[in-house]
Amino acid sequence: MANLISDIVEQARLTSRALIEYSHNLFEPTVRLGVTGLSRAGKTVFITALVHGLLRGGRFPVFEAMASGRIARARLAPQPDDTVPRFAYEAHLAQLLTERQWPDSTKQISELRLVIEYQSQNRSMRELTLDIVDYPGEWLLDLPLLRQSYEEWSAETIRLSREGDRADLAGAWHFEIAALDPRAPADETLAQTVARHFTDYLRNCRDERFALSLLPPGRFLMPGELADSPALTFAPLDRLEGSAPSGSLWAMMRRRYESYKDAIVRPFYRDHIARLDRQVVLVDTLTALNAGPDALRDLERALAAILDSFNVGRNSILSALFAPRIDRILFAATKADLLHHTSHDRLERILERLVADAAKRADYSGARIDAIAMASVRATTEAHVGGAQGTLHAIMGTPLAGEQAGGRTFDGESQIVIYPGDLPENPAAMFDPQTRFRGLSSAPSDDTDYRFLRFRPPALERIEGGVPALPHIRLDRALEFLIGDRLR
Ligand code: GDP
């Protein structure tokens, strides 16, 4: 009874929020743009560059409203959700512009509101409110758990951990669960040990050498405010024949898994994902390419799960009627500046192929989907180097202090010219188990480290009395797709 009453109260609260947002939207047109991607995909840099470009007026020839001069002004405004942290735009921009350092990455959800004043195509002055919501992609990958029981999740997670690269990485954790009796009495110390081994396995999978993507529960890797809390002290257990006695380890794990879904996953979906109109999913495709076909297949599964998450049902008939739904999804392969421009379209085709199957399914739900290769902040320029095999498509930039390549450790000041490797014309080649793209490895001769060489953000020309624009690759195409139609 108490549950029923709290469900009714919750539904009433959601419906009234949906109605308020709906009527607000009638008078103040608003786009709620979700920005997600797995850790280090480039979310913080993307939002900082996008907001800077809108506020300052970036070089955006493909973003029609800005290129044609119809955008009069953009300004920051107080965000609508008081309990969500504000995206630290000013601090991130100062790190990029003043210190020439990359800003601190996304660790939890944050939000920023911008108001764009523009002249519509029929010449009247209008405003579009843009709410940007930044959140870890790891959290999105939790949504499929809502449809899985503890038994199904355990079986699926353990099955997956026995495949390919994962099997080696799961060694210590497999050893631990093989020795466990799921019917044994629940024990906190034991639960902590198993959860720790399981989390270590997830973390190993994320290592850049393997770059695996599909690793729920997302809060284990990206806990946000829940770091070290008991809500994260559970793990899958090996198959249990028959039923689990109450008070057993299995029953304890199952209860915690269910509360993780109820207390963390459901509210996150309801309060944030269900309110988005547009979504950009940033993908560090290059790191997955560097790690090999296992990582690519895993990324493909993760992207399919991400697309599925946007289709999870809405929470009430009224909110389904009034609340907006995601009608455009952009997949963007980030850090394209680590390749020569002759490979940008190829990178785009690889990403298109990665999302192709999932995108076909999403077509039924009416969302428009696009895939691009881009760099939010271009840290390199291009150079041509003559060699024995003709001209090489090289790039030039300043590696971060401490980065290593070709036996050299960089000091963060000197520029280098480097050949990043060309991507194949046919994207299928990258899925061949024999292929391994080793572009820009920080230590190409050493088989234990395939990490991409990282460059410092670009040195920008100082402009008298003004803030310099940030160079980018195709950020304007991203903007045109995401909000161009709302500025007509
Ligand atoms: P987040 O975890 O998704 O917020 O990722 P960040 O935005 O913090 O980016 C992670 C790292 O990727 C940065 O520290 C940079 O090293 C790199 N990065 C992000 N965007 C770009 C880009 O446009 N070009 C280059 N060269 N590196 C980038």
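This is a predicted model: local features need pLDDT of at least 70, side-chain atom pairs count only at pLDDT 80 or more; totals for chains, interfaces and linings use all residues.
A polar contact is a pair of N or O atoms within 3.5 Å.

**Stop 1: the ligand and Lys335.** Select the ligand together with Lys335. A polar atom in the side chain of Lys335 is placed 3.0 Å from a ligand oxygen, which means that the pair falls within the 3.5 Å limit. Of the 570 Å² of accessible area that the ligand has on its own, the protein covers 96%.

**Stop 2: two further contacts.** An N or O atom in the Ser105 side chain is 2.6 Å from an oxygen atom of the ligand.

**Stop 3: the pocket.** Hide the ligand and display the surface of the space that the ligand takes, which is the largest pocket. The largest pocket holds about 940 Å³ of space. Its lining consists of 46 residues, and those nearest the centre are Arg40, Ala41, Gly42, Asp284 and Lys335. Helix 2 (43-56), strand 5 (278-283), helix 12 (285-291) and helix 13 (293-309) are the elements that each give two or more residues to this lining. Select helix 13 in particular: with 4 residues, helix 13 gives the most to the lining of the largest pocket. Coloured by class, the lining shows 25 nonpolar, 11 polar and 10 charged residues.

**Stop 4: two backbone angles at the pocket.** Return to Arg40, in the loop between strand 1 (30-37) and helix 2. Arg40 is not a glycine, yet its phi is positive, at about 70°. Arg40 is also among the residues nearest the centre of the largest pocket. Then move to Lys335, which is located in the loop between strand 6 (328-333) and helix 15 (344-363). Lys335 likewise is a residue other than glycine with a positive phi, in this case near 60°. The side chain of Lys335 is the one that was seen at the first stop, with a polar atom 3.0 Å from a ligand oxygen.

**Stop 5: a cis peptide bond.** Finally, select Pro216 and Pro217, which are joined by a cis peptide bond with omega of about 5°. Pro217 belongs to the loop between helix 9 (188-206) and helix 10 (218-221).

Note on methods. Residues are numbered from 1 along each chain as its sequence is written. Side-chain values use heavy atoms; hydrogens and water are left out. A polar contact is a pair of N or O atoms within 3.5 Å; within protein, one must be able to donate a hydrogen and the other to accept it, and residues adjacent in sequence count only if both atoms are side-chain atoms. Accessible areas come from the Shrake-Rupley method with a 1.4 Å probe; for residues, only the protein chains shown count as cover. On a 1 Å grid over the protein atoms alone, a cavity is a set of points where a 1.4 Å probe fits but cannot get out, and a pocket is an open set with protein on both sides within 12 Å along at least five of seven lines; lining residues have an atom within 4 Å of a point. A molecule sits in a cavity or pocket if more than half of its atoms lie within 2 Å of its grid points. Grid points are joined across faces, edges and corners, and a volume is the space filled by probe spheres set on the points. Ala, Val, Leu, Ile, Met, Phe, Trp, Tyr, Cys and Pro count as nonpolar, Asp, Glu, Lys and Arg as charged, and the others, Gly among them, as polar.
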